[in-house]
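Below is a short report on a predicted model.

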Amino acid sequence: MNLKRRTGGFLLAIWLFTAGAVGAEPQENFMMVINVHNDITSISRKDAELIFLNKKRSWPDGQNISVLINEAPITYDSFSHTVLRRSPHQFLIFRKKMLFRGQGMPPPTVKTDKAVIAFVSGNVGAISYVSSDAVTPAVKVIAVTQ
Amino acid sequence: MSFSSFPSMRVQLLSLTTFFCMLFPPSLWAINLGSDRVQLHGFLTQGYLESNGNNFLGTTEDGTFRLTEIGLNINAHLTDKFRLGGQALYCHLPANSKGKIRADWLVAEYHFTDPFGVRLGKIKMPMGLYNMERDSDFLRPLIFLPQSIYDETRRDSWQAHWGGEIYGNLLLNTWGDVDYQLFGGRIQYDDDSLATLAATEIVSRYNKNNALRLSTDDLNRENNYVYGAALFFNSSIPGLRGALTFLSLEDESWLYDKQVNNLRVKSKIVASLEYSWQQFSLAAEYSETDRKQEQLNVVTLNGPSQAWYLLLSYSPIEALTFSLLYDEYYRLKNNRHEPAGPRNLYPWRKDLAASLRYDINEHWTFKAEWHTIDGAAFYMGFFNPQGTERYWQYGALKLSFNF
């Protein structure tokens, strides 16, 4: 069997295997959090997008922004679709492009809300997001406006 | 024993380091040094390429596994605004005999403000949507990008330049935002770059005229300058992105004190549009390259080429993408089908391709694709000295790991 037929057969098999699979729309299930010593009370969706895409790197007072990505599945999915208007997979590809093109370093990632709370409470310029029921007084919740 | 006299040792070292990294959790490789942050990342890809009718990029009609890329990069934020970084790349392609390790990019970056930053060093050149990620297979939708614009024979030539660029992001109120880059410098061509190897015909003619026996090893290919600009428009409509890129350059090739080739690319302009909607995405790009080439004081090429493609992708699940590509290229926009000499009877390329990309997990990607082609543009005479076929095909499989 030549390569053309092998490749065609493989493509067809995968197509049939996955036909009909549809992704569900995510529900909004996250809170944007910053350090309690930061004066900000709200942030526009566009500014938040630029911050997490490494295009906006300082707060209005000049303080450097420290971004942390929370990969806890439901929170990550909700944040990514709502704020970045892209899927977590597309966001991952974006970060890899930035890295392997030589255009920047992607922000660190964690996988639990607890790690986010610890990071944000310990860094004045920090911003991240947690699930709605994980907020503690150690961090400050800010509204995301359209 | 000098390090440079044994390039295979460096390749082995790079391979071993990458393989070692594959064995351990990638999170180990984000190293914190006090308040500064250093990161080490890399990738390894291995492919298989087979063609029918013509050889493509080397001897491929019997199939070849000479489709390997290994990269290792390190980045360090020395301050909040200052970053140093570099990536070593080993690239082994069918016609690339030496497979040397080279600096893929080597950057010192200072981010003054969000709308204005500066990079110096060896910097990736923006050209269309995908030129900057051509060395990293897992970042591209296809194994072989649309050749009309991302011609694989010039991949190593038009990948990066030594010089500088200014960059930044500008907000456009409710319209969205724009990423811009303005760059200038010089390209350093490797001795084993495809465009250099393919200059055998010029060398042969020069030898014949002067009763000499020089080879392409005696050829010195230099870039006098390259400059350009890029605008990437991220619209407020979710999923819609556009780009406009421009570059201009001049190359010369010398056989000792005799200039045998001069290529002046007056302008290469690429206009791009990309739109994603639910599980579908559409990418379209149009390009013209206005250039003039003189070989041994004879004008061999003068005028613009024309290139465009449409790439439609469907992702039934996020990790899996099927794509259909139609891609067209004409060596001369205003003279599309006239043979360009006895070794280039079909100076166009029309490519219909189907592909699959499967992201097995965050680190592993598998791709497969098949191309059916009418035409034999882009150095096909060099790869097929016995003559080129007008209709031909090629297929490729590739597995990539990145961390």
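## Chain A: order of elements

From the N terminus on, chain A runs α-β-β-α-β-β-α-α-β-α-β-β. That gives 5 helices and 7 strands, where helices (H or I, at least four residues) and strands (E, at least two) are DSSP runs numbered from the N terminus. The model is predicted: local features need pLDDT of at least 70 and side-chain atom pairs count only at pLDDT 80 or more, while totals for chains, interfaces and linings use all residues. Residues are numbered from 1 along each chain as its sequence is written, and chains are lettered from A and ligands numbered from 1 in the order in which they are written.

Of the 146 residues of chain A, 32% count as buried. A residue is buried if 20 or more other C-beta atoms lie within 10 Å of its own, exposed if 12 or fewer, and partly exposed in between, with C-beta atoms placed from the backbone. Among chain A contacts (C-beta atoms within 7 Å) between residues at least 6 apart in sequence, 70% join residues at least 24 apart.

## Helix α2 of chain A

Helix α2(A) covers residues 45-52, and its buried residues are Ala48(A), Glu49(A), Ile51(A) and Phe52(A). Seen down the helix axis, they fall within an arc of 160°, so they line one face of α2(A); the arc is that of the directions from the axis to the C-beta atoms.

The cover over these residues includes β1 (31-35), β2 (42-44), β3 (66-67), α3 (73-84), β6 (126-130) and β7 (139-145) of chain A. Just after α2(A), Asn54(A) has a positive phi of about 70°.

## Nonpolar cores

A nonpolar core is a set of buried Ala, Val, Leu, Ile, Met, Phe, Trp, Tyr and Cys residues joined through C-beta atoms within 7 Å. The largest has 67 residues, and those with the most contacts inside it are Met125(B), Ala377(B), Tyr379(B), Met380(B), Phe383(B) and Ala396(B). Strand β4 (residues 82-92) of chain B gives the most to this core, with 4 residues. Apart from it lies another core, of 22 residues, among them Phe52(A), Val116(A), Phe119(A) and Ile127(A).

## Strand pairing in chain B

Strands β14(B) (residues 320-330) and β15(B) (residues 348-359) pair in the antiparallel sense over 11 bridges; two strands pair if DSSP finds at least two bridges between them. Tyr329(B) stands opposite Arg349(B) in β15(B).

β15(B) also pairs with β16(B) (residues 364-374), antiparallel, over 10 bridges. These two strands form a hairpin with 4 residues between them, and Arg357(B) stands opposite Lys367(B) in β16(B).

Methods
Two residues are in contact if their C-beta atoms, placed from the backbone, lie within 7 Å.
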